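Let's walk through this one together, a piece at a time. Have the viewer open and follow along.

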Amino acid sequence: MITKDKIDEFIEKIPPAPKALRETLALLNSGELIKASKVAQTDLALAKYLKSLVNKPIYGFSHEVKDISQIFGILGVSGSQQTVYNYMTTLLSPSKWLLFKLNAKTFYELQARLSKRWELILKHLGKEDKNTASSIALLPASIIVAEALFCQRIEDVKLLRSAKNLDYNTILIRLCGMGLFDICEQIAVKWEMPKEIGEIIQASSGLKPSSNEEINLLAKWMHLLLFYELSQPLFVEAGLNDFLDFQVDFIGDIYDDFATLMEIE
Amino acid sequence: MRAVVKNGVGVFTPQGFLDGNSSSAFLSIEDIEATTALDVDMILVSLKRVVFFNKNGLDIFMKLFSKVRQKNHATVGFCDYDEKKYKAINVFYQDKMYFSLYKTIDIAYLFSSSFQKQNKNVLIYSDDKSQRSAMAIELHDNGHNPIIAQTKQEFREKSSNKGAYDAVIDLTYLGQMGQKIATRVTGNAIIYSISSFLDAEISSKFNIQYHNNSLNVGFRLFIFDAYKVISMNVHALNFFSKLASSAAEYNANICFVGMDFEKTTDTFKETLEDAGILFYDQMDDILKNKKLLKELGASSAANTKTKRVINKQTVTELPRFIDATVVTIEMMTNSKAIKQSAEVQTITIKDKADKIASSIGYYGDLDGMVILVFPKAIAKKACELLIGENTNDIELILDTLAELVNIVGGRIKTLLSDQNISVDITLPRTYSNIDSLLEVIQDRKGVQVELSFNDDKFLFFLTR
């Protein structure tokens, strides 16, 4: 159904980060917000994406924010880097979704929700460094990878899943020895993202816990946050609720904290 | 979201958070319709991967439960929960618990009438005495050996004795049970449990497809456990008379055991006897009388109805049957499956040792049965994607082979429907050895195709 060759081909086809993005990230990395915003403005698609994302209700701005330097100023270095990585992830997304009932708008919505709630979580955990903040940007890449690999085999997958409750990650691991999060980690390497982003993403699958306790803790929060969002009607209807197995035991020790933070009653 | 069906039980597995906002998204109108159309004994919602739920979150499933019960009388409820969730559901619904609660899906299977692994020693405990009894009765009816712990202390002591019981049941509640006719298989006899008043509803409660399939695969003795029947009316009488006539075509026997005719007119009994139905007072009168069992046909599963031959239409569609098998094996193994030879013959299996088989029937515009025979090790390889672990557990391998053959059946159904041929598929059946398979198909002719993937050979046989 899906072979290792097909995965390799997919990874091979991932374009390197465009020059303007690399430059923007490098400037953000050295704290040069104004210079970074000027470079970002030269990439029209990035500029459009930034405006569309930060003007979503979840960002809570009362007036429309149009200027890129203003956006970077509001988001700060950490938030700007995260948003640029969010944009990079969208570069992988298909123009037409077939496996999941998504479109650009709903996908951006998922990114925005994850990003804002991740910010809240990191504040709660007192871990506000920019790489940790940016790690959430790669999480939805797992959805894009599942779409890309399985969209041509929708009927096969339906038939298989009518007989056994297998998630896409398990199917991929059993067929190719490689899961969605391994592929996400490879994307992080290809895009020269900081190493810990790949590590957090890998551990957030809930299947390969990290030996680093700090990364593991972040991964638990990320795993639970993902399923908190995938339980929202918009994403349940998109068919995302069961694209991945929710590892309830993995997040058992942080659930109460999470529920308090997200005000779940 | 759709239910995954196994062993006659359809299970939904929502994940994450179930509240009033999200839960309606889990079940669309089409999902509910598809669920009510399923031919299953139970529809359950697994809470294994739900970390939070409230009453509003569960209410959408209540609507589903109500529709399923109205339409096909299946048992409905929740499974796979811990004590905290069990208590929460009890608090939410208190005296309106018309649904059931099974601590695990394996416990639910014990209560499912389609599940054929009987004779399990099952330890039961519930705080509610009537629940303890209800569970014991249900389990007994399904062919298990229930042992009731009368107190929590007794339950703790007994359940701590690991290995003493095949299953231990607590935190389980039987709501309004399904009204389908429970079915169990003892040797080569099929026992149906019927109860209460038998009226026109018997025809909707009785799984006629299962019965016909059982006749087709070679069962010849059908026993109705009628100890709990109070009376029957003329509609039920007609139903059983017709059932007896169709059984006669197969040279099969239908018996009633324990039927009390106090509240049913004697002429009904005479009519049923005229139709060929036999009456016995006790189940043991049949099951412990080997001579009688043999006479009634239970010692042989041979299909003695006129042997049906592979017809032209089946041969025309043969490539689609083979395609369905080949494509499924390719999907499951990521390797190329190759057809090596095909011949019309009686099934020929050269080396019977260490081989297992699975079959699935189809009926509708076309009817017949597909059989796959694998060497045990090759079956394991073919099922690797579904098993996901290295195992030598033969029950698990057989279970998974049934899932594989179910996928083949699903694909056959799709491929045939592309040709405007409408068929339904039966539940898959597995055979742990070749002799039990041969006993069923005997000398029926069919198309035998040798197939292989990665040089591993297996056999496909299509018969009617």
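A word on angles before we start: angles under 35 degrees count as roughly parallel, over 145 as roughly antiparallel, 65 to 115 as roughly perpendicular, and the rest as oblique. They run from 0 to 180 degrees between N-to-C directions, and the axes are lines fitted to C-alpha atoms, for helices over the stretch in contact. Helices (H or I, at least four residues) and strands (E, at least two) are DSSP runs, numbered from the N terminus.

Residues are numbered from 1 along each chain as its sequence is written, while chains are lettered from A and ligands numbered from 1 in the order in which they are written. This is a predicted model, in which local features need pLDDT of at least 70 and side-chain atom pairs count only at pLDDT 80 or more, whereas totals for chains, interfaces and linings use all residues.

On confidence, the predictor gives the complex an ipTM of 0.85 and a pTM of 0.79.

Let's begin with chain B. An automatic or database domain assignment divides chain B into domain 1 (4–169), domain 2 (182–296) and domain 3 (312–463). Between the C-alpha centres of domain 1 and domain 3 of chain B there are 32 Å.

Now find helix α14 (residues 312–333) of chain B, whose axis comes within 9 Å of that of α17(B), crossing at roughly 135°. α14(B) and α17(B) are therefore oblique to each other. The crossing is right-handed; a crossing gets that name if the near helix is turned clockwise from the far one by less than a right angle, and is left-handed if anticlockwise. Residues are in contact here if their C-beta atoms, placed from the backbone, lie within 7 Å. By class, the contact of α14(B) with α17(B) has 10 nonpolar, 2 polar and 4 charged residues. Ala, Val, Leu, Ile, Met, Phe, Trp, Tyr, Cys and Pro count as nonpolar, Asp, Glu, Lys and Arg as charged, and the others, Gly among them, as polar.

α17(B) also turns up where the chains meet. That contact takes 26 residues from chain B and 28 residues from chain A. On the chain B side, the elements giving two or more residues are β3 (16–18), α1 (20–26), β5 (50–53), α16 (384–387) and α17 (394–418). This side of chain B has 11 nonpolar, 10 polar and 5 charged residues.

Over in chain A, helix α2 (residues 19–29) and helix α5 (residues 68–92) pack at about 160°, their axes 10 Å apart. α2(A) and α5(A) are therefore roughly antiparallel to each other, and α2(A) passes α5(A) in a left-handed crossing. L21(A) and L28(A) are among the α2(A) residues in the contact, and V77(A) and M88(A) among those of α5(A). The residues of this contact divide into 6 nonpolar, 3 polar and no charged.

Terms used
Two residues are in contact if their C-beta atoms, placed from the backbone, lie within 7 Å.
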